[in-house]
Structure formats: C-alpha cells, structure tokens
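Please examine the strand pairing and the ring contacts in the model below. The report that follows describes them in turn.

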Amino acid sequence: MRRVFAWNCARGSTRLERAIGVKTNPERGGHVRDVYVRDVTVGQAADAVIEVALNYENKDTGPHFPDVGGHRYSQSACRTGASGRST
C-alpha cells in the first residue's frame with residue numbers, strides 16, 4: 001500500500017484544466033486510496049480544482065469497478081475559476 005501526500009503547493013497556468021486529478025475506469029479497475037492534499041493554492045483552473053473521474057476515457061463499463069476512497073482534501077483555495085470570477 002502506498003499513500004500520496006501533497007501539501008503547501010502552488011499551481012497556476014492559463015492552460016491549467018484541473019489542479020488535482022484522480023482517474024480510473026472499469027476497464028482498469030484497481031484501488032485509489034489514501035490521498036492527502038492540504039494547503040494547495042491554485043491561481044486559475046478551467047474545469048475544477050479537484051477532479052475524481054471513474055470513467056476516464058469515457059469508459060463506463062468493464063469487469064473491474066474502481067475502488068476510490070480514503071481521500072482527504074483540506075485548506076486549499078483557487079483564486080479564479082472557469083467563469084473568470086474570484087472564488
């Protein structure tokens with residue numbers, strides 16, 4: 001088992017779609033567990049600051065249903081969202 005930690009990070013780009021992405025699908029399956037994210041500052045994100053996709057590559061059927069859990073996201077901020085307004 002591996003854990004993922006990210007803290008005190010800054011992301012920013014005019015082309016950034018999302019700051020944090022977790023992706024899987026029923027063809028891949030597997031476990032995505034124990035992800036800890038804290039104090040992340042994002043300048044601008046076009047789609048989302050955090051995205052968890054269980055149908056990556058538009059695949060929503062398959063023999064291995066993804067198991068995602070145990071994630072902790074806290075104290076993070078995005079200055080500008082997709083609308084261009086401050087959040």
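Strands β1 and β4 pair in the parallel sense over 7 bridges; strands are DSSP runs of E with at least two residues, numbered from the N terminus, and two of them pair if DSSP finds at least two bridges between them. The model is predicted, so local features need pLDDT of at least 70 and side-chain atom pairs pLDDT 80 or more, while totals for chains, interfaces and linings use all residues. Residues are numbered from 1 along each chain as its sequence is written, and side-chain values use heavy atoms, without hydrogens and water.

The structure holds 1 aromatic pair (ring centres of Phe, Tyr or the six-membered ring of Trp within 6.5 Å). The pair of F5 and Y36 is stacked because the ring centres are 5.1 Å apart and the planes lie at 15 degrees, where stacked means under 30 degrees, edge-to-face over 60 and tilted the rest. F5 lies in β1 (residues 4-11) and Y36 in β4 (residues 35-44), so the pair ties together parts that are 31 residues apart in sequence.

The table gives relative accessible areas; buried means under 20%, exposed over 50% and partly exposed in between, with a 1.4 Å probe and protein chains only.

| Residue | Relative accessible area | Class |
|---|---|---|
| F5 | 51% | exposed |
| Y36 | 27% | partly exposed |
| I50 | 36% | partly exposed |

I50 is found in strand β5 (residues 48-53).

Terms used. Helix = DSSP H or I, 4+ residues; strand = E, 2+ residues; numbered from the N terminus.
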